[in-house]
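Thanks for making time this morning.

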Amino acid sequence: MRPMLEEAVGEIYRNLLPEKMVVADLGCSSGPNTLVVLSEVIKIISNQCLRVGQQPPEMQFFLNDLRNNDFNNLFRSLDHVEQRLRVGKGTISVPYFVAGLPGSFYGGLFPRHSVHFFHSSYSLMWISQEQFHRDFSHFLKLRFDELVPCGQMVLSFLGRNKKDKLDGEMSTIYGLLAEALDSMVREGLVEEEKFDTFNLPLFVPSSKEVEVIVKLQGLYDIIHFQTFESNLDPFDDDLDDNVVLDNVQSGANCAKVIRSVFEPMIANHFGSAIVDDLFSRYATNVAKHLLKEKLMLPVLALSLKKKEVT
Ligand SMILES: C[S@@+](CC[C@H](N)C(=O)[O-])C[C@H]1O[C@@H](n2cnc3c(N)ncnc32)[C@H](O)[C@@H]1O
């Protein structure tokens with residue numbers, strides 16, 4: 001992702017040489033990934049300024065998520081950005097300001113033509129193909145209006161490799177969750193009827209389906225489009241090996257990721273009282289599965305540039 005980010009942010013800066021630059025991370029959660037993105041963008045700008053011999057712009061970052069997001073935790077972690085950015089030799093200090101922005105990215109978030117760069121990772125998700133068509137198109141149109149001319153965005157979200165919509169890698173992940181729920185039904189902790197009526201909807205599009213929507217809409221040039229495999233455990237960066245060294249820790253890491261995605265739907269259907277127990281069982285199931293193979297998910301990543309209106 002870093003090369004895509006570097007190219008997009010660098011190009012916006014070189015094209016516009018703005019005095020003030022507005023960047024927004026959509027679906028930032030409560031950290032830490034959004035802060036990594038924030039520091040990376042600052043580093044990229046610092047390097048660009050050195051290259052072109054310009055004073056750095058003032059950077060305004062907006063961290064967006066739904067209203068119930070734990071923004072306080074996020075703000076408390078801002079010190080980490082300072083640590084990541086320690087100005088070393090040959091770097092320029094970039095002035096930056098950070099604000100939280102509560103609200104859904106399926107609504108307008110900014111005044112027209114006011115944002116230079118949007119970033120969003122693992123936050124765009126859809127429950128059906130119809131919703132994907134409708135909401136993704138709507139999202140693209142909203143951001144088009146908000147971007148400055150020459151503005152860009154880098155988006156990444158879960159996708160699928162296989163043509164068959166049901167036989168994707170997500171089915172393994174669902175299966176392990178269903179096993180955890182089933183064990184709670186057997187112990188009388190979850191009602192059988194609730195279990196039978198639970199449907200975990202998630203539609204993961206193929207790269208072709210995404211491309212068709214972007215092209216149909218005609219508002220953006222696709223600069224890059226990649227599909228890559230991402231480890232469900234964000235802390236396992238050993239790409240060469242299919243063996244997990246600490247399957248228990250890795251199972252817990254994976255469970256955390258899945259919980260951040262599905263907790264609202266699960267709490268809504270079963271009540272929040274079961275959530276801790278469920279994800280602890282889920283972590284155990286994942287840990288067992290990791291003895292056989294890692295859980296890899298296909299991710300689609302694309303950088304889009306706002307088309308000029310003629
Ligand atoms: C799996 S987390 C991803 C967090 C972070 N971007 C990352 O890469 O680790 C997804 C986040 O998207 C947020 N989200 C989901 N739908 C949203 C919406 N319509 N508007 C704003 N945020 C949304 C969720 O609240 C959640 O914090």
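In this predicted model, a polar side-chain atom of N33 lies 2.7 Å from an oxygen atom of the ligand, and a polar side-chain atom of S121 lies 2.6 Å from an oxygen atom of the ligand. On its own the ligand has 600 Å² of accessible area, and the protein covers 82% of that, with areas taken from the Shrake-Rupley method using a 1.4 Å probe and, for residues, only the protein chains shown counting as cover.

Two remarks on how to read these values. The model is predicted, and local features need pLDDT of at least 70, side-chain atom pairs count only at pLDDT 80 or more, while totals for chains, interfaces and linings use all residues. Residues are numbered from 1 along each chain as its sequence is written, and side-chain values use heavy atoms, with hydrogens and water left out.

How many residues surround the ligand? There are 15, and the closest are G27, N33, D65, F105 and S121, where a residue is near if one of its heavy atoms lies within 4 Å. This shell divides into five nonpolar, nine polar and one charged.

Let me turn to strand β4, which covers residues 115–121; helices (H or I, at least four residues) and strands (E, at least two) are DSSP runs numbered from the N terminus. S120 is found in β4, and one of its side-chain polar atoms lies 3.0 Å from the backbone oxygen of L26. Is S120 buried or exposed? S120 counts as buried because its relative accessible area is 0%, buried meaning under 20%, exposed over 50% and partly exposed in between, with a 1.4 Å probe and protein chains only. Leaving out residues up to four places away in sequence, S120 touches D25, L26, V154, L155 and S156, contact meaning heavy atoms within 4.5 Å. H116, also in β4, is buried at 9% relative accessibility, and its contacts beyond four places in sequence include I12, M21, L147 and Q152.

Two loop residues deserve a careful look at the backbone. Most residues other than glycine have a negative phi. L17, in the loop between α1 (2–16) and β1 (20–26), has a positive phi of about 35° although it is not a glycine, and L17 is partly exposed at 38%. H113, in the loop between β3 (96–102) and β4, likewise has a positive phi, of about 50°, and is partly exposed at 41%.

Of its 33 residues, M170, I173, I266, I274, L278, F279 and Y282 touch the most other members. Two or more residues come from each of α6 (170–186), α9 (247–270), α10 (275–290) and β7 (296–306), and α6 gives the largest share, eight residues. Beyond four places in sequence, I266 is in contact with L177, F198, G271, I274, V275, L278 and F279.

Notes
Core = buried A, V, L, I, M, F, W, Y, C linked by side-chain atoms within 4.5 Å. Polar contact = N/O pair within 3.5 Å; in protein donor to acceptor, adjacent residues only side chain to side chain. Nonpolar A, V, L, I, M, F, W, Y, C, P; charged D, E, K, R; others polar.
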